[in-house]
Amino acid sequence: MRNLLDDYALVSRIRYRNVWLKLTIAAFGLLVGVSSTSPATPLFIALSMGFATLFFGKTPLKFYLTVLLIPMGFAIVGSLVILFFFGSGSEVFYFEVFGYRLTANAGGLEMAILVISRTLSGMSCMFFLALSTPVIELFAVLKRSGIPDSVIELSMLMYRYIFVFLEVSMSIKHAQTVRLGYTNLIRSIYSVAMLASTLFIRSYEQGEKLYLAMNSRCYDGKLTLFETKRPIRATEAVLASIYAVAALSLM
Amino acid sequence: MPILATRNLEYVYPDGTAALDGAEIEIEEGKRIAFVGQNGSGKSTLFLLLNGTLKPMRGEVLFRGMPFKYDSKSLKEIRRRVGIVFQNSDDQIFAPTVYQDVAFGPTNLGFSEDTVLERVNHTLEYVGLAHLKDKPPHHLSGGEKKRVAIAGVIAMEPEVIILDEPLSNLDPVGADEIADMLDELNHFGKTIIISTHDVDLAYGWSDYVYLLSDGRVIGRGTPDQVFGNPELLKGAGLRQPTTLEIYHEIERRGLANRNKAPRNVPELVDALKPPDLMWVRTPPDVEVGDTLNLGVMHGDYALHSPYEAVNAKVVYIHDPGCAIAEMERRGFRVGCIRIYDMAGYTPEKLRKIMHDADIEVVGAMGRKSKNIAEGDGVHLDIVAGVIDRAILMALSGKRCLILTNGGMVEHAIKRISDYVEKSGIAINVDVAGSENCRE
């Protein structure tokens with residue numbers, strides 16, 4: 001029914017590997033890819049991250065390509081603009097639209113390729129993290145990085161109840177649809193407004209119930225979070241270092 | 001002394017509706033108690049009062065004779081001893097993973113990280129959810145969520161567990177599993193309180209029943225007393241339990257022979273036998289009501305099994321030496337039930353026992369036993385309501401094996417011998433593999 005990155009992350013084969021290692025790899029790739037001046041490094045990073053996600057994490061290829069397509073669409077449109085309106089140097093090719101001459105020159109071409117490759121590398125780093133590390137694993141990381149407890153606790157509760165309310169809103173929407181709530185624009189606006197207000201009231205009630213439930217299990221004002229210890233394995237460390245050296249040497 | 005009691009409890013909601021109006025209850029330790037009533041009869045409010053979440057307007061709640069105090073330290077103590085499982089699991093499970101949710105209670109009790117880890121793992125193992133501990137709750141089924149909610153409470157090791165409508169919104173198998181789990185918890189000494197409007201559940205499951213209507217206790221007693229009283233049920237807006245209704249119908253047609261109303265299907269089936277009357281020759285000094293031992297009969301004289309020990313209860317003396325007697329037959333070999341203690345389990349031993357004893361039906365009780373058996377590819381014929389169904393199978397001549405573990409072995413033996421005692425039908429019960437697991 002729904003296709004959430006988080007659902008794929010939960011079943012990823014590398015879910016239970018050290019979170020810090022995965023974060024470091026993703027951050028490293030992101031920084032190096034964006035700061036590189038040649039397209040080779042970002043492309044190498046994109047390939048490695050894609051390989052790691054698909055081969056180690058066993059994310060389905062079709063799903064991976066679908067999610068990658070969304071940012072790539074934007075990147076390609078952007079690069080087309082860059083290709084024809086930016087840069088200088090020798091003319092590479094041109095064509096005419098309604099008598100207006102669109103020229104692509106060497107500088108523009110180089111820049112467009114660089115933008116695309118940087119986008120690709122950045123996105124593949126982000127997807128590597130998002131498809132291998134479920135949100136629930138990140139709360140412990142947030143805690144270690146010194147973010148105030150109350151913020152983390154709130155986000156934990158929010159994360160949990162997103163799905164509860166997603167379900168509630170889906171069933172309300174179905175209830176509205178079967179009684180012809182979305183037959184025309186006016187009805188739709190009216191129905192969405194009702195859905196939103198009902199959802200607001202429901203969340204308010206849910207808050208009350210939540211407090212009751214927590215209280216009856218001796219809630220004393222704080223949630224504790226345990227970080228599961230998952231030491232970095234030797235092979236992981238070696239692989240990651242080889243990857244880092246290779247990426248840097250391409251700079 | 002009752003473990004939980006209330007005196008003249010009153011609670012009025014801010015809008016003026018009285019949720020409870022002078023409720024008096026007494027909960028005995030180690031019992032299974034059901035509160036039955038329509039929606040809005042005050043069950044949920046009562047439960048929140050029993051756990052100190054709400055404070056009564058008048059009257060008091062007592063734990064082992066001590067009135068509740070409502071300062072935060074006493075409340076913590078009360079909530080540790082009286083756990084409550086809400087009707088909607090989503091209201092209760094708030095942590096992002098199963099593990100964190102179950103760990104919430106023990107952490108609040110101030111245990112060290114290692115103790116919490118141990119308790120949570122033990123509890124998850126016990127409810128059969130160890131493999132789901134890193135899952136977020138929105139990936140679980142309704143029955144699994146309910147088990148997480150129960151695990152969250154039993155991880156705090158309460159003495160009383162209160163469950164608001166524990167079986168509502170569950171599929172039949174899921175509901176049976178939860179019911180089995182409650183039986184198991186009760187067997188290990190927990191006092192279990194449930195609310196329900198399912199009269200069949202309350203009638204078959206509980207030791208003691210309270211009928212609630214409009215915030216008042218309108219009836220209380222054993223299930224027989226409460227559900228045998230049509231006026232009372234009408235007042236509470238409830239119907240008769242199905243087993244009881246069928247029993248009354250067959251009794252009216254003269255087809256039932258028991259005086260005691262049946263609580264479950266085996267007892268109901270047993271009630272179907274017409275009275276077995278026979279002319280017998282008696283010694284001269286016999287009086288009405290005496291029991292004569294007629295010895296062992298077989299062949300045409302044994303009606304239900306190959307050999308029967310027959311006693312005759314004299315109901316009418318015609319001439320001296322000639323009387324009408326009601327036969328009480330005890331079959332020697334109906335089917336049999338063997339109970340296998342999973343403590344000494346190996347797949348080979350189990351297969352050997354199944355082969356040697358020529359087992360036809362295998363049932364498993366408790367999540368853990370089920371998981372182990374299914375993991376090793378043992379085909380389970382019965383997974384829910386195991387004891388009752390094994391009895392029914394044994395009555396129809398099947399040889400059954402029940403896989404279970406720990407104290408549930410004794411629980412099963414006790415249930416079956418209770419049946420044997422009540423019905424007078426002998427079922428062979430023994431524990432297989434016991435030499436492997438008992439010192």
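## Overall form of chain A

Chain A has a radius of gyration of 24 Å, whereas a compact globule of 251 residues would have one near 18 Å. The model is a predicted one, and in it the C-alpha trace of chain A spans about 75 × 60 × 30 Å along its principal axes. Of the 251 residues of chain A, 25% count as buried.

In secondary structure, chain A holds nine helices and two strands, and these follow one another along the sequence in the pattern α-α-α-α-β-β-α-α-α-α-α. Among the contacts in chain A with a separation of 6 or more, 72% are accounted for by residues 24 or more positions apart.

## Contact between chains A and B

The contact between the two chains draws 26 residues from chain B and 22 residues from chain A. On the side of chain B that touches chain A, the elements giving two or more residues are α2 (72–81), α3 (89–92) and α4 (98–108) of chain B. Of these, α4(B) gives the most, with four residues.

Divided by class, the residues on this side of chain B comprise ten nonpolar, ten polar and six charged.

## The sheet in chain B

Chain B contains an open sheet of four strands, ordered β2-β1-β4-β5 and paired in antiparallel fashion. Its edge strands are β2 (18–27) and β5 (66–67) of chain B, each of which pairs on one side only.

Strand β1 (residues 4–12) of chain B runs antiparallel to β2(B) and is joined to it by seven bridges. Within the sheet, B:Y11 stands opposite B:L20, the latter residue lying in β2(B).

## Domains of chain B and their contact

The domain assignment divides chain B into domain 1 (4–240), domain 2 (277–331) and domain 3 (336–437). Taken over C-alpha atoms, the centres of domain 1 of chain B and domain 3 of chain B are separated by 30 Å, and the contact between these two domains takes ten residues from domain 1 of chain B and ten residues from domain 3 of chain B.

On the side of domain 1 of chain B that touches domain 3 of chain B, the elements that give two or more residues are α5 (113–127) and α7 (172–187) of chain B, and the largest share, six residues, comes from α7(B). By class, this side of domain 1 of chain B has three nonpolar, two polar and five charged residues.

Technical notes: Residues numbered from 1 in each chain as written. Chains lettered and ligands numbered in written order. Predicted model: local features only at pLDDT ≥ 70, side-chain atom pairs only at ≥ 80, totals over all residues. Contact = placed C-beta atoms within 7 Å. Nonpolar A, V, L, I, M, F, W, Y, C, P; charged D, E, K, R; others polar. Pairing = 2+ DSSP bridges. Domains from an automatic or database assignment. Rg over C-alpha atoms; globule rule 2.2 N^0.38 Å. Buried ≥ 20, exposed ≤ 12 C-beta atoms within 10 Å, placed from the backbone.
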